[in-house]
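User: I am new to this structure. Please show me how to read its features, one at a time.

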Amino acid sequence: KGGVELSRYALTDLLGQALIVVLVATLIPLAAFPILHRFGRLARADAASIAAHYGSVSVVTYAVAASFLARIGESAEGYMVVFLVLLEFPALLIGVILARRTAGATRWGPLLHEVLSGKSIVLLVGGLLIGWVAGGEGIKPLDKLFFDLLNPCAIVINQLQPIEFA
């Protein structure tokens with residue numbers, strides 16, 4: 001879905017926003033790690049993995065937020081899924097680097113392979129690239145599979161009642 005939306009924009013139009021997303025995805029784990037490691041007294045690997053999760057974003061959280069916005073009639077740019085992918089990679093890479101920092105010399109090839117070949121990255125980037133290359137018309141035969149199935153998050157969100165504050 002995000003790749004199809006991405007195909008509607010020139011990549012240069014999104015470059016500035018994408019760089020900010022990557023910067024934030026890098027800075028959050030770098031800021032969270034020392035707090036978790038020093039003040040939280042967590043082991044290096046534990047602090048690094050939690051910090052990486054803070055810099056990343058949950059696909060479920062994204063889906064719920066997108067469904068909520070749709071329910072209240074707020075529009076969001078379709079390319080936001082691209083930012084979901086961009087949040088995943090730097091945070092995971094920083095997390096692995098922080099966890100392995102004292103383990104000796106970092107072997108960048110295996111490290112990048114480990115991060116890039118993770119299931120979440122492969123599925124997110126692969127789906128994004130397929131949608132981007134195929135575009136809206138090229139993906140039409142797959143609409144029933146990707147767009148028309150019931151969205152469990154939308155069902156849950158539609159059952160929620162707005163909170164009214166006095």
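User: Is Tyr79 buried or exposed?

Analyst: This is a predicted model. Buried means under 20% relative accessible area. Tyr79 has 8% relative accessibility, so Tyr79 counts as buried.

User: Which residues does Tyr79 touch, leaving out those up to four places away in sequence?

Analyst: Tyr79 touches Glu5, Tyr9, Leu14 and Gln17.

User: How many aromatic pairs does the structure hold?

Analyst: There are two aromatic pairs.

User: Why does the pair of Tyr9 and Tyr79 tie together parts that are apart in sequence?

Analyst: Look at the two loops. Tyr9 lies in the loop between α1 (2-6) and α2, and Tyr79 lies in the loop between α4 (59-71) and α5, so the pair links parts 70 residues apart in sequence. Tyr9 is partly exposed, because its relative accessibility is 27%.

User: Which residue forms an aromatic pair with Tyr79 and has a ring 5.6 Å away, centre to centre?

Analyst: Phe83 does. This pair is edge-to-face too, with 75 degrees between the planes. Phe83 is buried, with a relative accessible area of 8%. Tyr9, Tyr79 and Phe83 form one aromatic cluster.

User: How do I read a nonpolar core?

Analyst: Start with the general idea. In soluble globular proteins, nonpolar side chains tend to be buried together. Now the case here. The largest nonpolar core has twelve residues, among them Leu6, Leu14, Ala18, Tyr79, Phe83 and Leu128. α2, α5 and α7 each supply at least two residues of this core. α5 gives the most, with five residues. Another core lies apart from it, with eight residues, including Phe33, Ala48, Ile94 and Leu98.

User: And how do I read a pocket?

Analyst: Again, the idea comes before the case. Rolling a probe the size of a water molecule over the atoms shows where empty space is left. Here, the second largest pocket has a volume of about 250 Å³. Its lining has 13 residues, and the closest to the centre are Leu6, Leu11, Ala18, Val82 and Leu86.

User: Which helices each supply at least two residues of the lining of the second largest pocket?

Analyst: They are α2 (11-39), α5 (80-100) and α7 (119-138). The largest share comes from α2, with five residues.

User: Where is Leu92 found?

Analyst: Leu92 is in helix α5. Leu92 is partly exposed, because its relative accessible area is 23%, and the cut-off for buried is under 20%. Leaving out residues up to four places away in sequence, Leu92 touches Ala52, Val115, Ser120 and Ile121. Take Val115. Leu92 and Val115 are 23 residues apart along the chain, yet their C-alpha atoms are separated by 6.7 Å.

User: How many helices and strands does the protein chain have?

Analyst: The protein chain has nine helices and zero strands. Now step back to the contacts. Count those in the chain with a separation of 6 or more: residues 24 or more positions apart account for 72% of them.

User: What part of the protein chain do buried residues make up?

Analyst: Buried residues make up 27% of its 166 residues.

Methods: Residues numbered from 1 in each chain as written. Predicted model: local features only at pLDDT ≥ 70, side-chain atom pairs only at ≥ 80, totals over all residues. Heavy atoms only, no water. 1 Å grid on protein atoms, 1.4 Å probe; cavity = no way out; pocket = protein on both sides within 12 Å on 5 of 7 lines; lining within 4 Å. Points joined across faces, edges and corners; volume = space filled by probe spheres on them. Helix = DSSP H or I, 4+ residues; strand = E, 2+ residues; numbered from the N terminus. Core = buried A, V, L, I, M, F, W, Y, C linked by side-chain atoms within 4.5 Å. Buried < 20%, exposed > 50% of the residue type's maximum accessible area, 1.4 Å probe, protein only. Contact = heavy atoms within 4.5 Å. Phe/Tyr/Trp six-rings, centres within 6.5 Å; stacked < 30°, edge-to-face > 60°.
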